[in-house]
Amino acid sequence: MAASLEDLEQRLSQLRTELRGAVRARDKAETARIRRALREAEAAWEHALEAESESATDVGALPTEPQTSPTSVTAGESRRKERPAHGSIPIREQVHQALTLLGAPASPKLISSTYEAFFTEPLVATKLASLRRDEERSFTAQGYARPYYICAALTHDRLVPARGLLALSTWPVERRIIGPLSPRVDFLTHAVGTAEQIQRLATAGHPAPDAAWRLLRRFALTIPGAYDASAQEPDPARVIAAAHAEAAVHQQEDDQQRQAAAQRARGQLADVQQLFGAAPMRDALRDASGTLS
């Protein structure tokens, strides 16, 4: 029987406590073992949360039938009744759901578009400006107290936060590194994630919202072989195949660059820096002198 989210969260909390103890004791073997177990538990938690999110999406796609006659309510009014009150889902959870679907670091604009395309309430993009800073402060104060954090993608050369890109702390460092080829590879990953979500909805018997098809079309138009102009909507399977075909061209070199940078990050950066990036030179100078010359 699959573990519940609550059980997995307890397991994650226990492992993080054990990890702190092993690091303080300088027990490298035990630290490595716990880190492996932690990654496995985090992956299981991600899978369980994704399953729960899909279930919530399915429920949102099948609103309860109103007691009134079908002709008494317009389609627009019906859609408004399906939408829950604004703010019912915390902003960090909205971002987490969108990034889990996309599968790679993404900009606030894409995160907002993706969430609104597939889920039942809007994501206020203006709130994302301070979210990463809030998450960093929380991690600095509490460590691994939360199952996940909204963190930064890191530049491959300087290991500083990549401008305008958010990621998930549960992803390995390699997945959060942005090298010269990574923007295109991540774009293809986004396209695959979007197409796969549309396929999941279709399998469950729920047509994807129009906004989801528009999002997929935006991806497909810039991927060779992904778009058939004669078709009314992009074919998700075709988009996935075309995205994988192009990604294969870049994958090996991109993986090598990411892995080399991730190895440096693990060797040079503290945990908080691995999630939120090393301080840029301007910040380092300011911290050292109190002013910036």
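Begin by selecting β1 together with strand β3 (residues 177-178), which pair in the parallel sense over 2 bridges; two strands are said to pair if DSSP finds at least two bridges between them, and strands (E, at least two residues) and helices (H or I, at least four residues) are DSSP runs numbered from the N terminus. Before going further, note that this is a predicted model, in which local features need pLDDT of at least 70 and side-chain atom pairs count only at pLDDT 80 or more, while totals for chains, interfaces and linings use all residues. Residues are numbered from 1 along each chain as its sequence is written, and side-chain values use heavy atoms, with hydrogens and water left out.

Staying with this pair, select Thr155, whose bridge partner in β3 is Ile178.

Is β1 buried or exposed? Buried means under 20% relative accessible area and exposed over 50%, with partly exposed in between (1.4 Å probe, protein chains only). Of the 6 residues of β1, 6 are buried, so this strand is largely enclosed by the rest of the structure.

Now move to helix α6 (residues 131-142), whose 12 residues reach 16 Å from the first C-alpha to the last, close to the 16 Å expected at 1.5 Å a residue; the expected span is 1.5 Å times one less than the number of residues. Select Leu131, Glu135, Ser138 and Phe139, which are buried in α6. Seen down the axis of α6, the buried residues fall within an arc of 95°, so they line one face of the helix; the arc is that of the directions from the helix axis to the C-beta atoms. An α-helix has 3.6 residues a turn, so residues three or four places apart point the same way.

What do the buried residues of α6 pack against? They pack against α4 (91-102), β1 (150-155) and α11 (271-276), where contact means heavy atoms within 4.5 Å. Turn to the other side of α6 to find Arg137, Thr140 and Ala141, which are exposed.

Finally, show the whole protein chain, which has 12 helices and 3 strands, and in which 40% of the 293 residues count as buried.
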